[in-house]
Amino acid sequence: MNGHAEEGESFTFTADNLKAAKAVVAKYPEGRQQSAVMPLLDLAQRQLGWTSPAVIEYVANFLDLPSIRVWEVASFYTMYYREPVGKYRLHVCTTTPCWLRGSDEVVRVCREKTGLEFGETSEKGLFTLLEVECLGACVNAPILQVNDDYYEDLDATRTAALLDALVEGRPPPYGTLAKRVNSAPEGGKTSLLETNV
């Protein structure tokens, strides 16, 4: 992240991001370039750190759209942050599959270790705690998305260790934190064990 701008400040793409934005828009058929609104919002957010009002205006002008159309997109999707966020965005899934596998413990540890409630950012800007609905990795529930990475098969101990590592600036490899391969059963295969079929 390149820091946070105040609400009234202007926004423009860096030279590299301007080139990337033009390449994104060029992928859309003639007359359909306005469909690039989502990838351009993402690109702008990655540059600034959040989707500020200045970003909304800039993307709207870039695509020749009324700003309300861009605002509708940015306010609908939870992946666009409409206020400054921390270095590590902790997206905790609390939907039924994660809840059944213990997401309440993940939430509890996140609250205890960060001192945050959902929607809050720590004073030093290290963490933002967010509740989300279904991260789409139910097979390895419960899930905690940290920025763009999924940490799977969490429990209280694994969540605490993950947050400690983030505080120390050494994020562990993402994926399952249980001793299993991808989404295979934790204890190994229990069926189809014969190799000569």
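Reader: Which residues does Leu177 touch, not counting residues up to four places away in sequence?

Author: Please keep in mind that this is a predicted model. In it, Leu177 touches Tyr151, Glu152, Asp153, Leu154 and Arg158, once residues up to four places away in sequence are set aside.

Reader: And where is the place of Leu177 in the chain?

Author: Leu177 belongs to the segment after strand S5, which covers residues 175–176. In space, the C-alpha of Leu177 is 18 Å from the C-alpha of Tyr88, and the two residues are 89 apart in sequence.

Reader: Why is Leu177 described as partly exposed?

Author: Its relative accessible area is 26%. Partly exposed covers values between the buried limit, under 20%, and the exposed limit, over 50%, so Leu177 belongs there.

Reader: Let me step back. How many helices and strands does the protein chain have?

Author: The protein chain has seven helices and five strands. Read from the N terminus, the order of the elements is α-α-α-α-β-α-α-β-β-β-α-β.

Reader: What does the chain span along its principal axes?

Author: The C-alpha trace spans about 60 × 50 × 30 Å. The chain has 197 residues, of which 40% count as buried.

Reader: Among contacts between residues at least 6 apart in sequence, how many join residues at least 24 apart?

Author: That share is 62% of such contacts in the protein chain.

Reader: Which classes of residue make up the lining of the largest pocket?

Author: That lining has nine nonpolar, five polar and five charged residues.

Reader: And how much space lies in the second largest pocket?

Author: The second largest pocket holds about 290 Å³. Of its 15 lining residues, Thr78, Tyr80, Tyr81, Arg82 and Leu130 are the closest to its centre. Strand S2 (residues 127–132) gives the largest share of that lining, four residues. By class, the second largest pocket is lined by seven nonpolar, five polar and three charged residues.

Reader: I would like to return to His91. Is it buried or exposed?

Author: His91 is buried, because its relative accessible area is 6% and buried means under 20%. The residue is found in strand S1.

Reader: What does the side chain of His91 make a polar contact with?

Author: The partner is the side chain of Tyr81, at 2.9 Å. The His91 side chain also reaches the backbone oxygen of Arg89 at 3.5 Å. Leaving aside neighbours within four places in sequence, the contacts of His91 include Leu130, Val132, Gln145 and Asn147.

Reader: A new topic, then. Which residues are buried in helix H3?

Author: In H3, residues 53–62, the buried ones are Ala54, Val55, Ile56, Tyr58, Val59 and Ala60. Their cover includes helix H1 (15–26), H2 and helix H4 (67–76).

Reader: What follows H3?

Author: H3 is followed by Asp64, which has a positive phi near 55°. Asp64 sits in the loop between H3 and H4. With a relative accessible area of 66%, Asp64 is exposed.

Reader: Finally, where is the cis peptide bond?

Author: It joins Ala141 and Pro142, with omega about -5°. Pro142 lies in the loop between S2 and strand S3 (144–146).

Conventions: Residues numbered from 1 in each chain as written. Predicted model: local features only at pLDDT ≥ 70, side-chain atom pairs only at ≥ 80, totals over all residues. Heavy atoms only, no water. Nonpolar A, V, L, I, M, F, W, Y, C, P; charged D, E, K, R; others polar. 1 Å grid on protein atoms, 1.4 Å probe; cavity = no way out; pocket = protein on both sides within 12 Å on 5 of 7 lines; lining within 4 Å. Points joined across faces, edges and corners; volume = space filled by probe spheres on them. Helix = DSSP H or I, 4+ residues; strand = E, 2+ residues; numbered from the N terminus. Buried < 20%, exposed > 50% of the residue type's maximum accessible area, 1.4 Å probe, protein only. Contact = heavy atoms within 4.5 Å. Polar contact = N/O pair within 3.5 Å; in protein donor to acceptor, adjacent residues only side chain to side chain.
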